[in-house]
Amino acid sequence: MEVKKKKVSYSASGKDKKPTLINWNDEPMIRGHSIQAVSRQIVRTVRRVDVVKINIVGDMGMGKTTLARTLSHLIHYYSDKKYGIPFTVREFTKEELLNFEETVMSLEPVNTILIFDDVSFISSKKNKDKIEEIKQKMTEIRHLRSKEDGSDVDVKIVIIMITHYTLALQKYLRQAQFSFFVTVGSSEMDNMLKLVGNHYQKLLFRFQKIIANALDKGKFTFTLGKKDKFFTYRYQKPFAPILFHNVDKLRIVVSPMRDWIEPNCPTCNNSQGNLTKEDRVPVAEFLADMEHKFGRGIVRNAVRLKLWQNGMNVYPKSVKRCLTYMNKYVTDKLPQFQELADHYNYANDTTRVDSVHLKNLDPGHVKSVKHK
């Protein structure tokens, strides 16, 4: 997996050692607007706690779902790359949130990013009992049930809720460690100030103007250091302005579409089911190529592991029973993971795929990842 380095365009001040502008996939942007840095911050929280909640708020048609897919991609990418914590991604609707217990029961016991789209109007009186059920199940969601024997398996969960306004959800459900706002409506200003603090009033008004200019002129501009230097983004080509709040601070970031970052992410494509058979590399050709390079046994193990990471447990029943035993019976006395690795001489080395192993089976579909 190729990681392309950031390139410096120029600095706002000679005294500032850090560059103001960087490149992402050869597209310039302001360093302080990095959605990658925000995603890495979220991943650091994911590493320390089992359940992380994220809210995405804004008007219809302003890119909330697009942002959710970008965030889920960056979170699962950086979580696995930096900490070796893999995630699968699943997208759901308001109806599946209302049937939360059934939805949770459908999940495999693996680390999962859950996206609940368009859930603004679930807090009606007729859904009162459903809301109480959701609140109860959310307190237990990190214990997903094994489909083999019904035992609980501890996993990590990231929940992304997409709504149209800040108070759309019941108070407990809208609690979150991180929030993103794609718009700030005039009727939302008071709610936003209560959430982020009155000292951010100027920033909120500024963001409203940025969105207005983006929609009217197709671009939005920021001052760089000295007031005689400016930087202009083309709206959604590829970046859109977003407000990011992490309980402590509120700031502007910019975000592209997930497909612009990585057109063919298997984890994300699996969550959306948005690739037709014609869009995909033929499975027989893909696996034959891998088996030629690595051997059939290694490929079978790698495929099993990748399927498990994405919510499909295809290991033999004997392996599943052994894993259940580890989880259910000896959790409190289980040795440290490093001790288990040392016993079998397993090396946790950094691994890369050399260029000699890379083969674009279909140049139109298989592309290198260019994360930052």
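Reader: How much space lies in the second largest pocket?

Author: Start with the general idea. Rolling a probe the size of a water molecule over the atoms shows where empty space is left. Now this case. The model is predicted. Its second largest pocket holds about 340 Å³ of space.

Reader: Which residues lie nearest the centre of that pocket?

Author: N55, T166, R174, S179 and L195 do. They belong to a lining of 20 residues.

Reader: Let us turn to α7. Which of its residues are buried?

Author: Buried here means under 20% relative accessible area. In α7, that applies to M189, M192, L193 and V196. They sit on the same side of α7, because they cover an arc of only 100° around the axis.

Reader: What does the face turned away from the buried side carry?

Author: That face of α7 carries D190 and K194, both exposed.

Reader: What do the buried residues of α7 pack against?

Author: Two of the partners are β9 and α8 (201–217). The others are β12 (240–245) and β13 (250–255).

Reader: Which residue follows α7?

Author: G197 does. Check its backbone: the phi of G197 is positive, near 110°.

Definitions and conventions:
Residues numbered from 1 in each chain as written. Predicted model: local features only at pLDDT ≥ 70, side-chain atom pairs only at ≥ 80, totals over all residues. Heavy atoms only, no water. 1 Å grid on protein atoms, 1.4 Å probe; cavity = no way out; pocket = protein on both sides within 12 Å on 5 of 7 lines; lining within 4 Å. Points joined across faces, edges and corners; volume = space filled by probe spheres on them. Buried < 20%, exposed > 50% of the residue type's maximum accessible area, 1.4 Å probe, protein only. Helix = DSSP H or I, 4+ residues; strand = E, 2+ residues; numbered from the N terminus. Arc of directions from axis to C-beta. Contact = heavy atoms within 4.5 Å.
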